[in-house]
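Here is a short briefing on one protein model. Look over the sequence and the structure first, then work through the points below.

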Amino acid sequence: MTAHTSTLASRLAAEAFNKPDIDYGKLSPLLIVFGVALVGVLVEAFAPRDRRYVIQTAVSIVGLAAALAAVVVVGLNVQSNHGGASLGSVEAMGAIAVDGPSLFIWGTVLIFSLMSVLLFAERQLEGGITAFAGQAAALPGTEAEREASSRGIEHTEVFPLMLFAIGGMMLFASANDLLTMFVALEVLSLPLYLLCGLARRRRLISQEAALKYFLLGAFSSAFFLYGIALVYGYAGSFRLGDIDTAVSSTVGGNGLLLAGMALMAVGLLFKVSAAPFHAWTPDVYQGAPTAVTAFMAACTKVAAFGALLRVFYVALGGVRWDWQPMMWVIAALTMAIGSIVAITQTDIKRMLAYSSVAHAGFLITGFVGAQQGIEVAGQQISSLQAVMFYLVAYGFTTIGAFAVVTVVRDAGGETTHLSRWAGLGKEAPVVAGVFAFFLLAFAGIPLTSGFTGKWAVFTSAWAGGAWPLVVVAVLMSVVAAFFYVRVIVVMFFSDPVGDGPTVAVPSILTTITITVGAAMTLLLGVVPQPVFDLARAAGEFIR
């Protein structure tokens, strides 16, 4: 009896415990980023203060480059599904989708992150120290702050914080179940809240920006989580594929689903700076250190749109006719608010923030077309392909534009008031010319990446029957062009106020970032086909 009981217990234990099947090779890009972030924490704990900057910069660059190489290796060995309609597989017991779009977004985020690390590491513009506060815990204007500044103390913790945010962004865009997506949302958001409040100069504005971002971000996360709960109540599962099955097989009685879908949309649209959830964007972009603003404007938008596309195309594609009208309204409202309000701005960073809002509207226009699938890829541009290309084009231009902002300075540091940029074309014609080129790309002028990106999303939306939205988008593009051209006129055709603007000579780090941003903005406008082909090769989201 004892032997029989022991055998039965062993059999029950074996059946009850299923060893998780995790392919660490396919998850290696994520593991490398999080692993390097932990190494950064250990560096802060054990390395001497005077050596941390060099170590953290080197560890971050090498780690991100290794993760990018891992993405390439995984992409070259990815499996094909359904005759090439989709690539990859679902890993980590259904939690993470390592498919074509995930790999494309991972690579994009990592490239933008490498450019952002160079901005984080810039020292020459601040006289040998970084642009981050020397002692974040010290109150602005106190003796402790002055002492930290005089001693040249730096917050090198910004590097592991950035790496944790990058890991969260990669996980957010590839999450295959809603709980994993929520955890990723918090992992990417919490470091950003801290980074926004660490500016060395204008610390009160920086801390205000961080507090606003934290409070509004907490509310949006709560909406997202409540929406997850309602969708789980409807479908009985957190997995996107199971939710799609429940949506397709259920007739009527979808009140829980619609309410949950609306609440989840609030959380996702907050992250992409879509109206009416955009109020945080201008204040945070203005108050945060400009390097952090560049990082957020490019990388966060890429990750957030990746998650938005995955949720609505994979899990909620069966109720497309229910969410499309909502997205039509949001797209039109976002484009209108971003383009019109930007005209009234007198601060360069706030203007670029509202520009970011307008571009979110253009991206949602392409998303609304919902033209996805291999059957149309050879004849017209799919929504997924168009949005991914636009994100690449917008990211390079945005990081380059904010990098230029860091070098235009006065006695108080960066000068972002539009009047202080008057005459910049005479003082520094190369810097003004590069910034003008970025602005023309934002406006969508031909031979720039902005023109190709807008053409892609507008074509996709038109093919999906959203032609009225395309008309609105074209009109708002004309409105947006006004404030871009206004800045160019101020730089080249206005007389400087007082002594005029001063352009600081940056180190090779910022110079590389600006050069890469400008070069890619030009190349993606003249030779966009390789990136289009790469986006097309990524295929559909795996289910």
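Of the 543 residues of the protein chain, 59% count as buried. Buried means under 20% relative accessible area, exposed means over 50%, and partly exposed lies in between (1.4 Å probe, protein chains only). This is a predicted model: local features need pLDDT of at least 70, side-chain atom pairs count only at pLDDT 80 or more, and totals for chains, interfaces and linings use all residues. Residues are numbered from 1 along each chain as its sequence is written, and side-chain values use heavy atoms, with hydrogens and water left out.

**Overall make-up**

- The protein chain has 22 helices and six strands. Helices (H or I, at least four residues) and strands (E, at least two) are DSSP runs, numbered from the N terminus.
- Take the contacts in the protein chain between residues at least 6 apart in sequence: 81% of them join residues at least 24 apart. Contact means heavy atoms within 4.5 Å.

**Cysteines**

- A disulfide is a covalent bond between the sulfur atoms of two cysteines. The structure holds zero disulfides, where the test is a pair of cysteine sulfur atoms within 2.5 Å.
- C196 counts as buried because its relative accessibility is 0%. C299 is also at 0% relative accessibility, so C299 counts as buried.

**Helix α13**

- Helix α13 covers residues 320–342, which is 23 residues. At 1.5 Å a residue α13 should span 33 Å, and its end C-alpha atoms are 32 Å apart, which agrees. The expected span is 1.5 Å times one less than the number of residues.
- Which residues of α13 are buried? They are W323, Q324, M327, I330, A331, T334, M335, G338, S339 and A342.
- These buried residues pack against α10 (255–271), α12 (290–315), α14 (348–369) and α20 (467–493).

- Helix α16 (residues 383–407) has 25 residues. From first C-alpha to last, α16 reaches 37 Å, close to the 36 Å expected at 1.5 Å a residue.
- Why is α16 described as largely enclosed by the rest of the structure? Because 25 of the 25 residues of α16 are buried.
- Two packed helices are described by the angle between their axes and the distance between the axes. Axes are lines fitted to C-alpha atoms, for helices over the stretch in contact, and angles run from 0 to 180 degrees between N-to-C directions.
- α16 packs with helix α21 (residues 508–526) at an angle of about 145°, and their axes are 8 Å apart.
- The α16 and α21 crossing is left-handed. Left-handed means that the near helix is turned anticlockwise from the far one by less than a right angle; clockwise would be right-handed.
- On the α16 side, the contact residues include F389, V392, A393 and F396. On the α21 side, they include T510, T513, I514 and V516.
- The residues of this α16 and α21 contact divide into 12 nonpolar, seven polar and no charged. Ala, Val, Leu, Ile, Met, Phe, Trp, Tyr, Cys and Pro count as nonpolar, Asp, Glu, Lys and Arg as charged, and the others, Gly among them, as polar.

**Helices α14 and α19**

- The axes of α14 and helix α19 (residues 449–463) come within 7 Å and cross at roughly 40°. The crossing is left-handed.
- H359, F362, T365, G366 and G369 of α14 make the contact with K454, V457, F458, S460 and A461 of α19.
- By class, the contact of α14 with α19 has four nonpolar, five polar and one charged residues.

**Backbone exceptions**

- Most residues other than glycine have a negative phi, and most peptide bonds are trans.
- The peptide bond from A275 to P276 is cis, with omega near 0°. P276 lies in the loop between α10 and α11 (280–287).
- A92 is not a glycine, yet has a positive phi of about 55°. A92 sits in the loop between β2 (86–91) and β3 (96–99).
- Phi of L447, also a residue other than glycine, is positive and near 70°. L447 is in the loop between α18 (429–443) and α19.
- Are these two residues buried or exposed? A92 is buried, with a relative accessible area of 18%. L447 is exposed, with 57%.

**Links across the sequence**

- R49 lies in helix α3 (residues 49–76) and is partly exposed, at 47% relative accessibility.
- R49 and T156 are 107 residues apart along the chain, and their C-alpha atoms are separated by 8.9 Å.
- Not counting residues up to four places away in sequence, R49 touches I153 and E154.
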